[in-house]
Amino acid sequence: MQKHTYTWYTAHVFYRSDIRSGRSRKIHTFEEVYFLVSALTPGEARQKARKLATQKEHTYKNMYGESVSWRLAKFIGIQETPDQKFKDGAEVHFRFFKGLKSIVNKNT
């Protein structure tokens, strides 16, 4: 019998806040979120992450009695986590940038 190995993935999503009130709003608040999912395949991880991202949507009343809704604005995708065993310092997300000048480089 073949042993199935689960892999950890980091899901990357954006949520948008909408407030129902008598005032019109031109600026919205966005939240960038990274969360972990485990799956046997990247396809399964993507499907699981999309479902979890939608389940994290919620609505509540703010202190002014207005209805605030956080909705999934964009599912960016998933990335296999570099470390598969979690401990202090475990790397869960990374990305590379090209063409950006770093403040760190100015100090060296």
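Leaving aside its neighbours within four places in sequence, Val13 is in contact (heavy atoms within 4.5 Å) with Glu31, Glu32, Val33, Phe35, Ala53, Leu72, Lys74, Phe75 and Ile76. The model is a predicted one, in which local features need pLDDT of at least 70 and side-chain atom pairs count only at pLDDT 80 or more, while totals for chains, interfaces and linings use all residues. Residues are numbered from 1 along each chain as its sequence is written, and side-chain values use heavy atoms, with hydrogens and water left out.

Val13 is found in strand β1. Helices (H or I, at least four residues) and strands (E, at least two) are taken as DSSP runs and numbered from the N terminus. Val13 counts as buried because its relative accessibility is 0%; buried means under 20% relative accessible area, exposed over 50%, and partly exposed in between, with a 1.4 Å probe and protein chains only. In β4, the bridge partner of Val13 is Phe75. The C-alpha atoms of Val13 and Tyr34 are 6.5 Å apart in space, and the two residues are 21 apart in sequence.

From this residue the account turns to the whole chain. The protein chain holds two helices and four strands, and from the N terminus on its elements run β-β-α-β-β-α. Of its 108 residues, 25% are buried. Among contacts with a separation of 6 or more, 61% are accounted for by residues 24 or more positions apart. The accessible surface of the protein chain comes to about 8,700 Å², and 53% of this belongs to carbon and sulfur atoms. Accessible areas come from the Shrake-Rupley method with a 1.4 Å probe, and for residues only the protein chains shown count as cover.

The four strands form an open sheet in the order β2-β1-β4-β3, with antiparallel pairing. Its edge strands are β2 and β3 (58-61), each of which pairs on one side only. From one strand to the next, the twist averages 25 degrees. Two strands are said to pair if DSSP finds at least two bridges between them. In a regular strand, side chains alternate between the two faces of the sheet.

The pairings may be followed across the sheet. Strand β1 (residues 7-20) is joined to β2 by eleven bridges, and the two run antiparallel. Within β2, Tyr34 is the bridge partner of His12, and Leu36 is the bridge partner of Thr10. Strands β1 and β4 pair in the antiparallel sense over twelve bridges; here Ser69 in β4 is the bridge partner of Asp18. Strands β3 and β4 are also antiparallel and pair over four bridges, with Lys61 standing opposite Ser67 in β4. These two strands form a hairpin with five residues between them, and Gly65 in the turn has a positive phi of about 80 degrees.

Helix α1 (residues 42-55) lies across β1, β2 and β4 (67-80), and runs at about 135 degrees to β2. For such values, axes are lines fitted to C-alpha atoms, for helices over the stretch in contact, and angles run from 0 to 180 degrees between N-to-C directions.

What joins the side chains of Asp18 and Arg16? They meet in a salt bridge, at 2.9 Å from N to O. The term denotes a side-chain nitrogen of Lys or Arg within 4 Å of a carboxyl oxygen of Asp or Glu, and by this rule the count comes to one. Asp18 counts as partly exposed because its relative accessibility is 27%, and Arg16 counts as partly exposed because its value is 31%.

On the surface, Trp8, Leu36, Phe86 and Val92 form a nonpolar patch with about 310 Å² of accessible area together. Patches are made of residues with over 30% relative accessible area and no salt bridge; like charges are joined within 9 Å, and nonpolar side chains (Val, Leu, Ile, Met, Phe, Trp, Tyr) within 5 Å. Leu36 lies in strand β2 (residues 29-39), and counts as partly exposed because its relative accessibility is 35%.

Finally, Glu91 is found in the loop between β4 and α2 (103-106). Glu91 is partly exposed, with a relative accessible area of 37%. Leaving aside neighbours within four places in sequence, Glu91 is in contact with Thr81, Pro82 and Asp83. Glu91 and Thr81 are ten residues apart in sequence, and 7.1 Å apart in space from C-alpha to C-alpha.
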